[in-house]
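Good morning, everyone, and thank you for making the time.

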Amino acid sequence: MRGFTLGLLIVLAACSPRGSTGVGTGPPGLDIADNALHGGSPELALQISSNILVQHPGNEAALLTRGEALTALGRPDEAAASFQAALAANPQSVGAMIGLGRLRLASDPAGAEQLFLDALSHEPRNGVALNDLGIARDLQGRHGEAQAAYRQALGVNPDMTAAQVNLALSLAMGGQPQQGVQLLRPLADAPGATRQVRHDLAAVLTMSGDRAGAQRILSKDLPPNEVQQALDAFASAQPNAAATLLAGGAPAETPAALTLATPPSGGILVQLAGASPSREDAERKWQLLQRQMPDLLQAREPTIAEVARNGQPTWRVRTSGFAAAADATTFCDQVRKTGTTCILVQDSGSISSQ
């Protein structure tokens, strides 16, 4: 297994980050594209939104959907162009500002912060922008200001799980891990809590000095050697440590969240087909895909990933073992020829093409 890293896993919000422009406000067919996007089919969303733009050039809502789909497919330059076109159509497009900000988080968190502030100047109570603002500030080591942004997001939406998790992790990195534990414990102990939230609690527990408690949590999901690697990585996440931004993910999972992820071996992952309601269903889907694509999948092992979608756990079929992002991209190109969705996804330690 590759080394664990303290990371920021950016996953596009289940609720659209586009502000006041959303589903139902665009041309006919755009609601289908949005449903495809948030249902884990960004390729279909891209196709529909691009077709709409042929008939309605410069339509802001369609450009935003296209930008979100391109982001999910790991095509950041094209996504940025789509968001820029949305800004040209509407210089006050909050969704375009947030989309561009998320694309810049990895390379320019200060520039991303300004874009989120610009979005908030138009919609001061946009919880998604406030949450993303916190991430940009955490990346710059300004944990106190980040925590203020997360608290503002929670003031807008007290049930925003991403902001709660982000606040807890930011507190831990800022030297207040016990407060982080108090925030995360109810989320991690709740029925249906995702593996990721449990591991976030383990990270904060480790930083608070409770390595044994963290080990008990991780041992439910990981083999002993991986538990020790995770604990060592979490222990190294000292207050004010520099965080590594790993951008990516599919657009229908949780809102953008600061997470301490434990990656599968191989680093680079691809995600196949859509979401499954249970682990068993995801395993059956993998077996079916293996029968459909024996040349591509027979020698590969599945990674069944539990993720949160609209607050409920779902399961995704993924596989890894790629030497480089280019290899994973070539693999996905071959999978798509069979009619199956395939996208590069980002986990801590992986490389985004997302």
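This is a predicted model: local features need pLDDT of at least 70, side-chain atom pairs count only at pLDDT 80 or more; totals for chains, interfaces and linings use all residues.

The chain contains 16 helices and 6 strands, and of its 354 residues, 55% are buried.

Now to the helix pairs. Two packed helices are described by the angle between their axes and the distance between the axes.

Let us take helix H3, residues 60-72, and helix H4, residues 76-89, whose axes come within 8 Å and cross at roughly 165°. Angles over 145 degrees count as roughly antiparallel, and therefore H3 and H4 are roughly antiparallel to each other. Their crossing is left-handed. On the H3 side the contact includes Leu63, Leu64 and Leu70, while on the H4 side Ala79, Phe83 and Ala86 are among the residues taking part. Sorted by class, the residues of this contact are 7 nonpolar, 3 polar and 4 charged.

The second pair is helix H12, residues 211-218, with helix H13, residues 224-235; here the axes lie 10 Å apart and the packing angle is about 135°. H12 and H13 are therefore oblique to each other, and their crossing is right-handed. From H12, Arg211, Ala214, Gln215 and Leu218 meet residues of H13 that include Val227, Leu231 and Phe234. In this contact we find 7 nonpolar, 2 polar and 2 charged residues.

Conventions. Residues are numbered from 1 along each chain as its sequence is written. Side-chain values use heavy atoms; hydrogens and water are left out. Axes are lines fitted to C-alpha atoms, for helices over the stretch in contact, and angles run from 0 to 180 degrees between N-to-C directions. Helices (H or I, at least four residues) and strands (E, at least two) are DSSP runs, numbered from the N terminus. Angles under 35 degrees count as roughly parallel, over 145 as roughly antiparallel, 65 to 115 as roughly perpendicular and the rest as oblique. A crossing is left-handed if the near helix is turned anticlockwise from the far one by less than a right angle, and right-handed if clockwise. Contact means heavy atoms within 4.5 Å. Ala, Val, Leu, Ile, Met, Phe, Trp, Tyr, Cys and Pro count as nonpolar, Asp, Glu, Lys and Arg as charged, and the others, Gly among them, as polar. Buried means under 20% relative accessible area, exposed over 50%, partly exposed in between (1.4 Å probe, protein chains only).
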